[in-house]
Amino acid sequence: MNAFLWNLVLAFLWAAVQDDISLGNLAIGFVMGLLLLSFVTPEPGASPYARKLVDILKLLALFLREVLTTNWRLAREIATPGINNQPAIYAFETEARTDLEVTLLLLIINFTPGSLGLDLSEDGKVLYVHNMFTTTREEFIRNMRENVERPLLRVLR
């Protein structure tokens with residue numbers, strides 16, 4: 001049985017022992033099961049399952065932060081007089097290779113306000129991204145790599 005199923009079993013056992021199968025108790029049981037499973041590994045250190053779960057949580061936190069900051073920036077742009085944004089289209093050479101990786105990367109880009117994935121090159125290595133708030137090309141590439149692409153690829157690989 002894989003680690004996730006063991007974690008679910010431990011969460012339900014925790015809720016059953018507490019005699020209250022509620023969402024809160026299941027969440028507490030899930031976290032306690034994760035902590036328990038991270039100690040029960042054949043090799044020293046955190047289990048691959050725990051590391052993967054932490055990577056998923058980091059990706060979700062980065063995505064939530066990006067959505068909130070860009071929403072704030074868009075609201076401020078709309079509320080202030082004049083046009084302060086300078087949209088641009090950037091070519092982003094991606095490290096994503098599979099269809100799933102490229103698709104999820106484009107979904108994250110499209111769900112982030114102020115950015116839009118426009119096209120993918122024939123070889124699938126270059127994404128063309130419209131960004132509402134222009135930064136330098138280097139800053140855009142660095143931001144995409146550090147805050148979007150690498151956390152996503154850590155989760156998927």
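I started at asparagine 147, which touches Leu62 and Arg65, leaving aside residues up to four places away in sequence (contact means heavy atoms within 4.5 Å). I was working on a predicted model, where local features need pLDDT of at least 70, side-chain atom pairs count only at pLDDT 80 or more, and totals for chains, interfaces and linings use all residues. Residues are numbered from 1 along each chain as its sequence is written, and side-chain values use heavy atoms, with hydrogens and water left out.

I then looked up lysine 58: 89 residues from asparagine 147 along the chain, with 9.7 Å between the two C-alpha atoms.

Asparagine 147 lies in helix α5 (helices are DSSP runs of H or I, at least four residues, and strands are runs of E, at least two, numbered from the N terminus). I checked the length of α5, residues 137-156: at 1.5 Å a residue its 20 residues should span 28 Å, and the end C-alpha atoms are 26 Å apart, which agrees (the expected span is 1.5 Å times one less than the number of residues).

I noted the buried residues of α5, among them Phe140, Met144, Asn147 and Leu152 (buried is under 20% relative accessible area with a 1.4 Å probe, protein chains only). The buried residues of α5 pack against α3 (48-79), β1 (88-93), α4 (99-111) and β3 (126-131).

Last, I turned to α1 (residues 3-17) and α2 (residues 23-39), whose axes come within 7 Å and cross at roughly 130° (axes are lines fitted to C-alpha atoms over the stretch in contact, with angles from 0 to 180 degrees between N-to-C directions). Among the residues meeting there are Trp6 and Phe12 in α1 and Phe30 and Met32 in α2.

How values were computed:
Buried means under 20% relative accessible area, exposed over 50%, partly exposed in between (1.4 Å probe, protein chains only).
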